[in-house]
Amino acid sequence: MTAQPVRDPYGPRAAPDPDDPEHARVPGTSVGGTVILLNGASSSGKSSIARELLTVLDGTWFHLPVDAFHALRGGVVPEGGLQAEIDRTCKGFHRAVAGMAAGGNNLVVDHPLSRRWRLLDLLDVLDPKNTVLVAVRCPLPELERREAERGDRQRGLAALQYPHVHSHGPHDLDVDTGRESPAECARRVRDFLADRQRPTAFEALRRTYGR
């Protein structure tokens with residue numbers, strides 16, 4: 001079978017002249033990007049809200065789900081080493097998010113803050129002024145119903161995370177997918193962005209945890 005050529009999604013472009021100083025110029029970043037951090041238990045609807053947000057927000061945005069990073073993992077996890085593997089992946093994920101934002105990119109991130117260290121680490125690496133922390137809530141019976149219906153999640157994961165994800169302190173905004181559709185939640189987040197208050201939840205949490 002003949003290999004197909006790799007096509008540039010932006011069309012044909014002239015090869016850069018290596019002697020052109022512009023070829024070596026690192027693009028500047030005037031301001032960091034905004035991070036919308038959707039925090040909720042498994043099956044609470046974070047990814048559904050994220051997809052809706054990409055259709056209603058102004059400008060360009062990336063959706064970065066932590067599950068996509070876990071899906072990139074290959075090889076065999078040593079017996080008894082699963083939690084350490086998950087922790088390393090999450091720590092790397094946090095830095096990938098911070099790096100994208102530092103490059104001036106706007107991000108919608110869905111990530112359950114089910115362990116306290118995840119919040120503390122994010123408080124250290126993200127710009128608190130440009131981080132919007134959204135609590136994605138949903139009644140536990142509905143979470144368990146969705147979990148059983150999906151069939152692609154560990155049974156009991158939502159109940160395990162439920163008491164912890166929102167226990168760390170204030171959020172900038174709360175949405176409830178048990179009462180509101182993903183589209184309605186996304187519109188509420190969009191409207192909140194137009195009139196953000198200070199201090200942000202991340203600024204308040206930094207003071208609380210001494211970061």
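## How the helices pack

H3 and H4 run roughly parallel to each other, since their axes cross at roughly 25° and angles under 35 degrees count as roughly parallel. This is a predicted model, so keep that in mind throughout. H3 covers residues 82–102 and H4 covers residues 116–125, and their axes come within 10 Å. The crossing itself is right-handed.

Who touches whom here? From H3, the contact residues are Ile86, Asp87, Cys90, Lys91, His94, Arg95 and Ala98, and they meet Trp117, Arg118, Asp121, Leu122 and Val125 of H4. Sorted by class, that contact has 6 nonpolar, 1 polar and 5 charged residues.

Now for the other helix pair. H1 (residues 46–56) and H7 (residues 182–193) have axes that come within 8 Å and cross at roughly 55°. That angle makes H1 and H7 oblique to each other. The handedness of the crossing between H1 and H7 is right-handed. On the H1 side you'll find Ser48, Ile49, Glu52, Leu53 and Val56, which meet Pro182, Ala183, Cys185, Ala186, Val189 and Arg190 in H7. This contact divides into 8 nonpolar, 1 polar and 2 charged residues.

Here are the two pairs side by side:

| Helix pair | Axes come within | Crossing angle |
|---|---|---|
| H3 and H4 | 10 Å | roughly 25° |
| H1 and H7 | 8 Å | roughly 55° |

Back to H3 on its own. With 21 residues, H3 reaches 30 Å from its first C-alpha to its last, close to the 30 Å expected at 1.5 Å a residue. Which residues of H3 are buried? They are Glu85, Thr89, Cys90, Phe93, His94, Val97, Ala98 and Ala101. Cys90, His94 and Ala98 are buried in H3, and these residues also turn up in the contact with H4. After H3 comes Gly104, with a positive phi near 95°.

H8 (residues 201–209) has its own buried set: Ala201, Phe202, Glu203, Ala204 and Leu205. What do those buried residues pack against? Their partners are S1, H4 and strand S4 (131–137).

Methods
Residues numbered from 1 in each chain as written. Predicted model: local features only at pLDDT ≥ 70, side-chain atom pairs only at ≥ 80, totals over all residues. Heavy atoms only, no water. Axes fitted to C-alpha atoms, helices over the stretch in contact; angles between N-to-C directions. Helix = DSSP H or I, 4+ residues; strand = E, 2+ residues; numbered from the N terminus. Parallel < 35°, antiparallel > 145°, perpendicular 65-115°, else oblique. Left-handed = near helix turned anticlockwise from the far one by under 90°. Contact = heavy atoms within 4.5 Å. Nonpolar A, V, L, I, M, F, W, Y, C, P; charged D, E, K, R; others polar. Expected span 1.5 Å × (residues − 1). Buried < 20%, exposed > 50% of the residue type's maximum accessible area, 1.4 Å probe, protein only.
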